[in-house]
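Here's a quick briefing for anyone meeting this structure for the first time. Have a look at the sequence and the model, then read on.

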Amino acid sequence: MYRSLRLIGISALAAGVAACGGGGSSSDSGETGKVNVGLTDAPVDNAVEVNVEVEALVLQHSDGERRRFDLDIAQPVNLLDLTGGTVMTLLDDEEVEAGKYNWMRLELGNGNTIKLEADGGVYDLTTPSARGVQTSGFTVPAGGEINLTIDFDVRKSIVNPQNNPDSYKLKPVIRLVDNTVVGTISGTVAGERITDQCTAENAGDTDSYNGSVYIHAGDVMPDDIGSDNEPLVAVPVTYEGSQYQYTAAFIPSGNYTVSYTCGEDKVETAEGQPSDDDITFVGKTTVEVRQGETATVNF
């Protein structure tokens with residue numbers, strides 16, 4: 001029997017790269033910088049734990065120098081312990097050469113698991129043979145500073161094949177953003193909206209799936225993950241205190257379309273192809289995200 005799993009969330013590796021002058025580098029100029037890397041996450045619906053074994057970070061400089069930082073973490077990190085802006089430090093004040101870097105690579109081990117809320121079962125998250133996943137490039141300015149975030153998108157990274165309900169795959173999807181040009185989108189969803197859009201079995205139930213808010217770049221018609229116009233991120237609506245709310249962090253400055261849905265959005269089909277699902281979106285709104293600010297969109 002196919003187990004439906006809604007994994008809506010974002011996990012981020014917040015990589016702060018602060019450039020400064022100094023020695024200890026192999027560069028001819030002698031200019032170096034310092035790297036600080038932290039781990040944070042957003043909620044994942046219907047899962048109690050999403051544990052990832054982070055082994056190392058590798059930085060590839062354009063001059064050919066490669067720096068590998070092995071991480072001394074005793075056990076896999078439960079990403080669901082790192083929500084609401086909480087950050088776990090991975091690297092702290094590591095000195096690196098200033099200049100252009102072609103990529104940063106996150107290396108994962110094999111000890112990755114997921115624990116479901118529905119049955120309490122713990123399942124392995126198998127990874128591709130190549131355990132490293134790379135970001136785009138970035139530049140550490142000499143005498144300046146840059147702060148980056150590796151956004152590890154849990155929603156797009158965990159696949160539950162329909163023909164094997166007890167098998168879960170970890171296919172890491174990440175993006176690199178500059179912390180100096182990111183903001184946040186947050187807001188609330190009225191209980192009446194949830195009752196109207198969700199099915200009878202979970203409508204308005206604080207312990208059930210209460211839908212998700214999708215963030216698309218630009219002023220566009222929203223569509224599902226796997227489509228030609230998939231969202232930048234999708235975050236769950238959770239019940240906190242006395243209201244239903246959501247938060248989408250690490251959103252680069254710019255204009256976005258924000259919408260709400262209670263539809264089920266699969267990542268892949270049973271054949272391993274992107275799943276293009278027919279989902280109804282409501283409350284479509286455009287909003288501008290500004291650096292260091294929180295834009296509010298309520299439904």
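This is a predicted model: local features need pLDDT of at least 70, side-chain atom pairs count only at pLDDT 80 or more; totals for chains, interfaces and linings use all residues.

Residues are numbered from 1 along each chain as its sequence is written, and side-chain values use heavy atoms, with hydrogens and water left out. The protein chain has two helices and 24 strands; both kinds of element are DSSP runs numbered from the N terminus, with helices being H or I of at least four residues and strands being E of at least two.

**The chain as a whole**

- Of the 299 residues in the protein chain, 48% are buried; buried means under 20% relative accessible area, exposed means over 50%, and partly exposed is in between (1.4 Å probe, protein chains only).
- Take the contacts in the protein chain with a separation of 6 or more: 75% of them come from residues 24 or more positions apart. A contact here means heavy atoms within 4.5 Å.

**A four-stranded sheet**

- Four strands line up as β19-β18-β22-β23 in an open sheet with antiparallel pairing. Two strands pair if DSSP finds at least two bridges between them.
- At the edges sit β19 (233-236) and β23, each pairing on one side only.
- From one strand to the next, the twist averages 25 degrees. For such angles, axes are lines fitted to C-alpha atoms (for helices, over the stretch in contact), and the angles run from 0 to 180 degrees between N-to-C directions.
- β18 and β22 run antiparallel and are joined by six bridges. Among the partners, His216 goes with Thr257 of β22, and Ile215 goes with Val258 of β22.
- On to β23: six bridges join β22 to this strand, again antiparallel. Val258 turns up here too, with Thr285 as its bridge partner in β23.
- How many of the eight residues of β22 are buried? Six are, so β22 is largely enclosed by the rest of the structure.

**The disulfide**

- A search of the whole structure turns up one disulfide, meaning a pair of cysteine sulfur atoms within 2.5 Å.
- Cys198 and Cys262 are the two partners, with their sulfur atoms 2.1 Å apart. They link distant parts of the chain, 64 residues apart: Cys198 is in the loop between α2 (191-197) and β18 (212-217), and Cys262 is in the loop between β22 (254-261) and β23 (282-289).
- The link of Cys198 and Cys262 is right-handed, with 100 degrees about the S-S bond.
- Buried or exposed? Cys198 counts as buried at 8% relative accessibility, and Cys262 counts as buried at 12%.

**Aromatic pairs**

- The whole structure holds six aromatic pairs. Rings of Phe, Tyr and Trp (its six-membered ring) pair if their centres lie within 6.5 Å; planes under 30 degrees apart count as stacked, over 60 as edge-to-face and the rest as tilted.
- One of the six is Tyr214 with Phe281: the ring centres are 5.1 Å apart and the planes are at 70 degrees, so this pair is edge-to-face. Tyr214 lies in strand β18 and Phe281 in the loop between β22 and β23, so the pair ties together parts 67 residues apart in sequence.
- Tyr214 is buried at a relative accessible area of 1%, and Phe281 counts as buried at 17% relative accessibility.
- Then there's Tyr260 with Phe299: their ring centres are 6.3 Å apart and the planes are at 40 degrees, so this pair is tilted. Tyr260 is in strand β22 and Phe299 is in the segment after β24 (294-296), which makes this a link between distant parts of the chain, 39 residues apart.
- Tyr260 is buried, with a relative accessible area of 0%, and Phe299 is buried too, with 11%.
- Tyr246, Tyr260 and Phe299 form one aromatic cluster.

- Most residues other than glycine have a negative phi.
- Phe250 has a positive phi, near 60 degrees. This residue is found in strand β21 (residues 243-252).
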